[in-house]
Amino acid sequence: MLIELHQLAMQAPAVVRDAFKRLRESDIKAEAAKRETRVANGNCAWDCPLDDADEATWMMALGAQIRAVETWMNISVAHALGEPASADAWYCAATDHYAVPRRRPFRPKDHHPYERRGLLYHRIIPAEVSGYQVRITLDNARDPSRDGITRMGAALLQDFRFTHTRHGDGFLIDSVEATDMAATIGAQVERACGAACYCVVWPELALSPAARDHIATLLRHHDGRNRPAVVVAGSWHQRDGSVARNVGTVLDGYGRSVLTFAKALPFTHDSLGPEAIQGSHAIEVLVTRDSVIAFAICRDYCDNQVLSPFPDLDVDLILVPSLGNAATMDGHRVTAKRAALNHGTRTFVVQQDLPAGTDPRLGLVLPPQAGADQKALAQSDVWKVYEVTSLGPYYVGGRTETL
């Protein structure tokens, strides 16, 4: 019922949805309270306004009904389910969507459209978006950050270079090298734990399987308490017979593999041609104790000629390992702004510069807060921590909202 009502609101004409901005939260709450007892007793019928009613009247009736149904679900259904073993408990086959409970209720503000404040206790995530299957993984990791600050670590490599082999008209990377790579990775893991980072991201195609295993071992044997909740151990060209994919790996704070995610759109190097990979048809979403996170690899997020599906997902954070140049980061910024406008989603991109660059920087990092200009994105150290006051949605345009 909740998903159907939400879809009804989202499919309304823009002028009708925009009328929600004229509704005050106190009025929506009062109208929803009138309906909650009836919904709790199993009567989900709702009174539609007359045909000549204005758009705000329609949205008040629909919005209040949604809030009443959602409150009932939050109180009764969520408690009955407890902690689900998988996201199947949130799936609705009739609509092919997930109703994912929020760990903390959203605190709405007046003067925002329905898309930004229609739901308080849930987020609706489609099981398919733009031809991609959305797969949800549950994990109980908690944010180890201190003082109400969420910290995210960007890990880059010094003097990055790679070797490759030809595959048809394209290429696959065989190995990577960097100055003091093992020692650098060890220091990055230690600094991530020391700073109580929530997440750490290494770039695309920067870590071989051996380097990834090194990170897992370091995390597994770390004796500190402030382990990161989410570790994106870069990505790699993984071969399976004649098929290769660009696969990213997500580890938890103990070095255990939580999920893998694969690139959909190969990039084309100026001299080497395209990545010789098979594209993915899935988007991976991780639900932790503190946030909902989606993962993308480089061109899947930055190519604005092939419209990215990621801004259509109602998630808190999108983590993107990348390899490229300033133009690549320009594309990431455009997509990140769309994601922020649509759902208040934060984006964190860690991009290693392509080899043979003339700039002294090691790469570019798009921080998880709005307003950073292009010059401020350059990172010249192998490690930097970026801070935000909350993982909750934020709003572009000069106003910031936190949970």
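Trainee: Leaving aside its neighbours within four places in sequence, with which residues is glycine 148 in contact?

Mentor: Counting as a contact any heavy atoms within 4.5 Å, glycine 148 touches Val388 and Thr389. This is a predicted model, in which local features need pLDDT of at least 70 and side-chain atom pairs count only at pLDDT 80 or more, while totals for chains, interfaces and linings use all residues. Residues are numbered from 1 along each chain as its sequence is written, and side-chain values use heavy atoms, with hydrogens and water left out.

Trainee: Where does glycine 148 lie, and how far apart are the C-alpha atoms of glycine 148 and valine 388?

Mentor: Helices (H or I, at least four residues) and strands (E, at least two) are DSSP runs numbered from the N terminus, and glycine 148 sits in the loop between strand 5 (132-138) and strand 6 (150-155). Its C-alpha is separated by 8.9 Å from that of valine 388, although the two are 240 residues apart along the chain.

Trainee: Why does glycine 148 count as exposed?

Mentor: Buried means under 20% relative accessible area, exposed over 50%, and partly exposed in between, with a 1.4 Å probe and protein chains only. Glycine 148 counts as exposed because its relative accessibility is 54%.

Trainee: How should I read the pairing of strand 5?

Mentor: Strands of a sheet pair through backbone hydrogen bonds, either parallel or antiparallel. Two strands pair here if DSSP finds at least two bridges between them; strand 5 and strand 15 (residues 282-287) do so in the parallel sense over six bridges, and valine 285 in strand 15 is the bridge partner of isoleucine 136. Eight strands form an open sheet of mixed pairing, in the order 4-5-15-16-17-18-19-20, with strand 4 (128-129) and strand 20 (378-379) as the edge strands, each pairing on one side only.

Trainee: Which residues of helix 9 are buried, and what covers them?

Mentor: An α-helix has 3.6 residues a turn, so residues three or four places apart point the same way. In helix 9, the buried residues are Thr328, Met329, Gly331, His332, Thr335, Ala336, Ala339, Ala340 and His343; their cover includes helix 8 (299-302), strand 17 (317-324) and strand 18 (346-353).

Trainee: What takes a positive phi just after helix 9?

Mentor: Glycine 344 does, with a phi of about 70°. At the N-terminal end, asparagine 325 caps helix 9, with a side-chain oxygen 3.1 Å from the backbone nitrogen of alanine 327.

Key. A polar contact is a pair of N or O atoms within 3.5 Å; within protein, one must be able to donate a hydrogen and the other to accept it, and residues adjacent in sequence count only if both atoms are side-chain atoms.
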